[in-house]
Amino acid sequence: MKSAILLRLALGLIFLTTLPSCGFAFRSAWKKAPATTGAEGKWSGTWHSDATGHQGTLRCVVSAPVDKKGGHEFFYHATWKKILSGSYKATHTVQKQKDGTYTFKGEHKMPDWAGGLYHYEGTIKGNDFNACYQSSMDRGTYTMKRVP
């Protein structure tokens, strides 16, 4: 009985000590991202699920182009329930429009329990970033502002 309690306690402590490392890569990318114009740079705002009503904070680092087709790496970090958070990378194709607005589209495979394949579409105009997302289990929007 005592060994089962000690084992649970040890596993719990290991789990709690690994949680801060989940966002380490994002924090590093955030600190290193230069202030830029266009689609690239740091963005901060909120997300909202139309399907569930859930919401939270959202930050994103958009890289310089990673391929000749206009692909950029979007590195997202989202929070929900005020204490849970996660980071992931998705490549979106970015196109500059004649009016100076940037449009982007992309998709990202999440685990099936998290909604599976997510599709993204959005616009970036000046310092405003607006987008929508959709998966088999969720759909919603996010809005962000450029961080200098």
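Me: Before the totals, what does accessible area mean here?
Reply: Accessible areas come from the Shrake-Rupley method with a 1.4 Å probe. On that basis, the protein chain of this predicted model has an accessible surface of about 9,700 Å², of which 61% belongs to carbon and sulfur atoms.

Me: And how much of the chain is buried?
Reply: Of the 148 residues in the protein chain, 34% are buried.

Me: What is the order of the helices and strands?
Reply: The chain has two helices and eight strands. Starting at the N terminus, the elements follow the order α-α-β-β-β-β-β-β-β-β.

Me: Turning to Arg-146, where does it sit?
Reply: Arg-146 lies in strand E8, which covers residues 139-147. The residue is buried and has no salt bridge.

Me: What does the Arg-146 side chain reach, then?
Reply: The Arg-146 side chain reaches two backbone oxygens: that of Glu-40 at 3.0 Å and that of Gly-126 at 3.2 Å. Beyond its neighbours within four places in sequence, Arg-146 also has contacts that include Thr-36, Lys-42, Trp-43 and Asn-127.

Me: New topic: which residues form the nonpolar patch on the surface?
Reply: The patch consists of Trp-80, Ile-83 and Leu-84, which together have about 330 Å² of accessible area.

Me: Is Ile-83 buried or exposed?
Reply: Ile-83 is exposed, because its relative accessible area is 75% and the cut-off for exposed is over 50%. Ile-83 is placed in the loop between strand E3 (71-80) and strand E4 (84-96).

Note on methods. Residues are numbered from 1 along each chain as its sequence is written. This is a predicted model: local features need pLDDT of at least 70, side-chain atom pairs count only at pLDDT 80 or more; totals for chains, interfaces and linings use all residues. Side-chain values use heavy atoms; hydrogens and water are left out. Helices (H or I, at least four residues) and strands (E, at least two) are DSSP runs, numbered from the N terminus. Buried means under 20% relative accessible area, exposed over 50%, partly exposed in between (1.4 Å probe, protein chains only). Lys and Arg count as positive and Asp and Glu as negative; His and the chain ends are not counted. A salt bridge is a side-chain nitrogen of Lys or Arg within 4 Å of a carboxyl oxygen of Asp or Glu. A polar contact is a pair of N or O atoms within 3.5 Å; within protein, one must be able to donate a hydrogen and the other to accept it, and residues adjacent in sequence count only if both atoms are side-chain atoms. Contact means heavy atoms within 4.5 Å. Patches are made of residues with over 30% relative accessible area and no salt bridge: like charges are joined within 9 Å, nonpolar side chains (Val, Leu, Ile, Met, Phe, Trp, Tyr) within 5 Å.
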